[in-house]
Amino acid sequence: MQKPKLISFKLCPFVQRSVIVLKEKKVEYDIEYIDLANKPDWFLKISPLGKVPVLQIDGEVLFESAVIMEFLDETNPPSLHPSNPIQKAKHRAWIEFVSSLFIDQYQVTMTKSEEEFQKKLVDIKNKYKILEAAITKSKSLDQFFAGDQFHLVDAAIAPYFMRNAFLSEKFPEWFSLTMESPMLKQWSASLLAKESVQTSVLPEVPSAYIQYIKDHHSYLGGRLSA
């Protein structure tokens, strides 16, 4: 099989998921960064939605981050999914759930008014409660979502926790994982300590992420620029 090539935007959390999987499995890969504000024609021709990530391999093009993660997992054993079909299905469901957090995170950084910002923050906190309750009920979290073993669902949420850590440094009162979410706090710390997660973004991403928010003149961007 040909060496996989990822098409990426350096701030994209969805591409980062695939990079984490590749690093966990020690697969050699190429990556090309594009500017989503000025998409190359060649990219628009191969990306059905005009979005990243896109994976090129063996003359084929794959899109959608969850699909790409699954493909990389299946073609580079051993699997990062549970072997039990029911548990595997549940992990896939939680990957879908945590994917919605990325949309919330983007929106909370881009909303224009304080009212919109606070409303979106509540939406995020409510999803934290759902995740916290699920983990507590299963009593599964030791380091990762299902104990000591790193799974695909961990790769799926790690980029969210990384960006939340960037925001927490600036606004701990809004973004710190508090004592109300001890499981999520532990999960985040375990993931952010992993080399595959730490090295899955370019060194400039933390500062570039904050600058990106400032440049969009949102409510949070204004607070960052004040």
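Select residues 2-80 first: over this stretch the chain is 37% helix and 20% strand, and the C-alpha atoms at its ends are 21 Å apart. Helices (H or I, at least four residues) and strands (E, at least two) are DSSP runs numbered from the N terminus. UniProt lists residues 2-80, in an unreviewed entry, as "domain: GST N-terminal"; its positions are given in the numbering used here, feature names are shortened, and annotations may be inferred rather than shown by experiment. The model is predicted, with local features needing pLDDT of at least 70 and side-chain atom pairs counting only at pLDDT 80 or more, while totals for chains, interfaces and linings use all residues. Residues are numbered from 1 along each chain as its sequence is written, and side-chain values use heavy atoms, with hydrogens and water left out.

Another cis peptide bond runs from Pro-77 to Pro-78, with omega near 5°, and Pro-78 is found in the loop between α3 and α4 (85-110).

Now colour the two domains, domain 1 (5-75) and domain 2 (85-223), whose bounds come from an automatic or database domain assignment. Their C-alpha centres lie 21 Å apart. Where they touch, 18 residues of domain 1 are in contact with 26 residues of domain 2, contact meaning heavy atoms within 4.5 Å.

How much area do domain 1 and domain 2 bury between them? The value is about 1900 Å², 66% of it on carbon and sulfur atoms, buried area being the accessible area (1.4 Å probe) that two parts lose on being put together, summed over both. Select Leu-11, Gln-16 and Arg-17, which supply 31% of the area that domain 1 buries against domain 2, more than any other three residues.

Across this interface there are 8 residue pairs in polar contact, both residues at pLDDT 80 or more. A polar contact is a pair of N or O atoms within 3.5 Å; within protein, one must be able to donate a hydrogen and the other to accept it, and residues adjacent in sequence count only if both atoms are side-chain atoms. On the side of domain 1 that touches domain 2, α1 (13-24) and α3 (65-75) each supply at least two residues, and the largest share, 9 residues, comes from α1. The residues of that side divide into 10 nonpolar, 1 polar and 7 charged; here Ala, Val, Leu, Ile, Met, Phe, Trp, Tyr, Cys and Pro count as nonpolar, Asp, Glu, Lys and Arg as charged, and the others, Gly among them, as polar.

The rule for salt bridges, a side-chain nitrogen of Lys or Arg within 4 Å of a carboxyl oxygen of Asp or Glu, finds 3 across the interface of domain 1 and domain 2, and its count comes to 9 salt bridges. Select Glu-204 with Lys-10, whose closest N and O atoms are 3.7 Å apart in a salt bridge. This pair links distant parts of the chain, 194 residues apart, with Glu-204 in the loop between α9 and α10 (205-215) and Lys-10 in the loop between β1 (5-8) and α1.

Finish at Lys-194, in the loop between α8 (182-192) and α9 (195-198). Its side chain is joined to that of Glu-24 by a polar contact of 3.1 Å. Leaving aside neighbours within four places in sequence, Lys-194 is in contact with Glu-24, Phe-144 and Phe-150.
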